[in-house]
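Let's take a friendly walk through this model, stopping at a sheet and a few single residues. Please have the structure open as you read.

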Amino acid sequence: MKPKDGKSNQPDKNCWTVSSALMVFVLCGLSFYLGGIFCSEKERYESRDISKVVETSTGITSVPLQIKAVTFPECGLKFQDYTPCTDPKRWKQYSYYRLSFLERHCPPAFEKKECLIPPPDGYKAPIRWPKSRDECWYRNVPYDWINKQKSDQHWLKKEGEKFIFPGGGTMFPNGVSQYVDLMQDLIPEMKDGSIRTAIDTGCGVASWGGDLLDRGIITVSLAPRDNHQAQVQFALERGIPAMLGIISTQRLPYPSNSFDMAHCSRCLIPWTEFGGVYLLEMHRILRPGGFWVLSGPPVNYERRWRGWNTTIDEQRSNYQKLQEFLTSMCFKLYNKKGDIAVWQKSSNSSCYRKLDVPDSYPPKCDDGTEPDSAWYTPMRPCLVVPNQKYKKVALQSLAKWPERLHTIPERVHDVRGGSGGAFKNDNSKWKSRVKWYKKLLPALGTDKIRNLMDMNTVYGGFSAALIDYPLWVMNVVSSYSPNTLAVVYDRGLIGTYHDWCEAFSTYPRTYDLLHLDGLFTAESNRCEMKYVMLEMDRILRPNGYALIRESSYFIDAVATMAEGMRWSCRKEDAEKGVEKEKILICQKKLWYSSKQNSR
C-alpha cells in the first residue's frame, strides 16, 4: 500500500547500505578488540594452532602442540604450606556446622595461584626410609604446636635440628607397637594376611599406620588441617601414607566395601550424633567382614571416665547408644579388652533384610544412591547395603595377602570393558613398562624415592609392579573416569578419587615421584595444563621426579611448561613397540625463595 503522497514507506536503499556496512564494521572492530583483551593472556600458555594438521606420506597427522615459553614467579613466603582447597584463610566463608569448613572448598578460577611454592627456610632433603619413620628435619616441617601440647603423650619431641617420633599417642603414650600387639591379639586376621588395607580417622602423626607397614598392612591415615598443625605433613615427611580429610558432611573419597579395617583412637569424632551418620559412612567404606576399632571414649568408661571431664552415667549412656547404633547397622561386637573395642561388619544378608521393616532405623539407601559415588557426594542418614551379587568382596572371601595382589577382582567385571583378561593384560603391560622405567630412571626402586603417586591409574598396575620395592603408591582415579578404584582396593592397594582440575588433598612437598599416563590427553578438554602442572610442582618434593608418559602431541608442550617451573627434563622413547607415546623424565630443582637466607 502506498501513502497518499505517492512516496514509498521503504527507506532509501543507499542509506540502508551505508548503515549496514557501518554496523558490520563497528561490530567486527569491537569483536577484534574484545578478543584481544580476553585472549592475550591465554595465548601465553596455549598453542599457536591447536588444530593444525599436515599431510604426510602416511596420511594426516596432528602437529604437536606448541606453547610459548613461560616463567612462573615465586609465591610469597606465607604460601610455603599452602593447601588451596583447605586454606585456613578461607574458613570463615563456610559453615561451622559439623565442622564442614574443614572440608574441601577450592578457590574459584580467578583466585588460583600462578606461582611456585617456596620451601621453608633451611629446608633439607628428607631423611630416607626406613630411618625417616622415626625422625625428620625440623626445618622441613617447622611446627611446634603438637610438640608443646602433646608432650606428655609422646607424639613427637624436638631434639636439635630434628623431630623424633617415639611412637606415642593419646591412647598409647607408652608406644604404638605395644598397642598394636594387643590389637592383633583381639583380631587374629591382622596376622595371617587377611587384613591388608586400613583407614585411620583422626590419625595424629600416623604412628598407627607407620607401625602397621612392617606387619603387611597399608593404611590411609586421614586428618584435617586444623589447630594440630600439619599432622598429615608430618606423616608424609616420614614416608607414611596420609591424606587431608575429615568426616563431616561429604562422603569420604573412597568406594564402598573397600577397607578391611577402620580405626579411631580418641579421634574426637561424635559417632552417635546426627543420627549416627558418621558410623554409616564407616559402614559404607568397610567391606563385609571388615573390622571397626575404637579406643577411647566411651570404651572402658568404667575406669576412664574421670579423665574425660564427664560423669560415669553420661559415658555409660554414650556407650549403650553406640552399641545400639552399631547393632542396627549390622555390626557385632567382635572382641573387647581394656581400652580397645572391636566390631565386625556383617556379611550375612539376613541381618540387612531386617531393615525392610517399615520405620526401621537406619533406613536402606534407595536405588538412586550410588554406593561408590564419593566425590563431593553428601552423606545421607541411610545404610548402604552390600550388593548380594558379589561373592568375593567380603573379607573372608578374598585371597590373603600377597596372593590377593594378582588375583582377578570380582568387581573388575563392573568396569566398562573390564574382564579377567583385561586385568591380566594390564598386569603384564605394567611389568614391562616398569622394567623400562627403571632403565630410564635408576633411582626408581631405591631409597631415594619413597612416596609415589599414580595420578591417573586404572587397575593399579603401576603400583603392583613396584610392590617389592621400599615405597608406597597413592593410586588416583579421576572422578570423571570409569570407576576402577574398587578394583584397586580389592587387590590390596590404596587410592582415592580426585579431579585434577582442582588441588589434591595434601601439603606441599609431600611426594618423591609423580607418574602420569596420558593424563593431559584424557583431561585436556576440562583442565588447563598450567594449573595441573603447578599443582604437580606444589606437591612434588625438591629433587623429586615426574615421570610423564604422554602422546607425542602433548609431550613438547609439557616440557616447555616444566622448564618454566625450574624443572630439568629429558625426553625418551617409550618401550619397544610403542611409537605414539613419549616419556618425559623431569626433576624438580631445589631452590630457595629470594627473600630467604638459605642458599
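## Ground rules

Helices (H or I, at least four residues) and strands (E, at least two) are DSSP runs, numbered from the N terminus. The model is a predicted one, so local features need pLDDT of at least 70 and side-chain atom pairs count only at pLDDT 80 or more, while totals for chains, interfaces and linings use all residues. Residue numbers start from 1 along each chain as its sequence is written, and side-chain values use heavy atoms, with hydrogens and water left out.

Pro 119 sits in the loop between strand 2 (59–62) and strand 3 (135–137). Is Pro 119 buried or exposed? Its relative accessibility is 3%, so Pro 119 counts as buried; buried means under 20% relative accessible area, exposed over 50%, and partly exposed in between (1.4 Å probe, protein chains only).

Glu 159 belongs to strand 4 (residues 157–159). With 43% relative accessibility, Glu 159 is classed as partly exposed. From C-alpha to C-alpha, Glu 159 is 9.9 Å from Trp 137, and the two are 22 residues apart in sequence.

## Asp 339

Asp 339 lies in the loop between strand 11 (331–337) and strand 12 (340–345), and is buried at a relative accessible area of 16%. Its side chain makes a polar contact of 2.7 Å with that of Asn 300. Such a contact is a pair of N or O atoms within 3.5 Å; within protein, one must be able to donate a hydrogen and the other to accept it, and residues adjacent in sequence count only if both atoms are side-chain atoms.

Beyond neighbours within four places in sequence, Asp 339 is in contact (heavy atoms within 4.5 Å) with residues including Met 171, Leu 294, Val 299 and Arg 304.

Seven strands form an open sheet in the order 15-14-13-16-17-19-18, with mixed pairing; two strands pair if DSSP finds at least two bridges between them. Strand 15 (495–498) and strand 18 (567–573) are at the edges with a single partner strand each, so one side of each has no neighbour in the sheet. From one strand to the next, the twist averages 20°.

Helix 10 (residues 420–440) packs on the sheet and touches strand 16 (511–517), strand 17 (540–551), strand 18 and strand 19 (581–588). The direction of helix 10 makes about 50° with that of strand 19; axes are lines fitted to C-alpha atoms, for helices over the stretch in contact, and angles run from 0 to 180 degrees between N-to-C directions.
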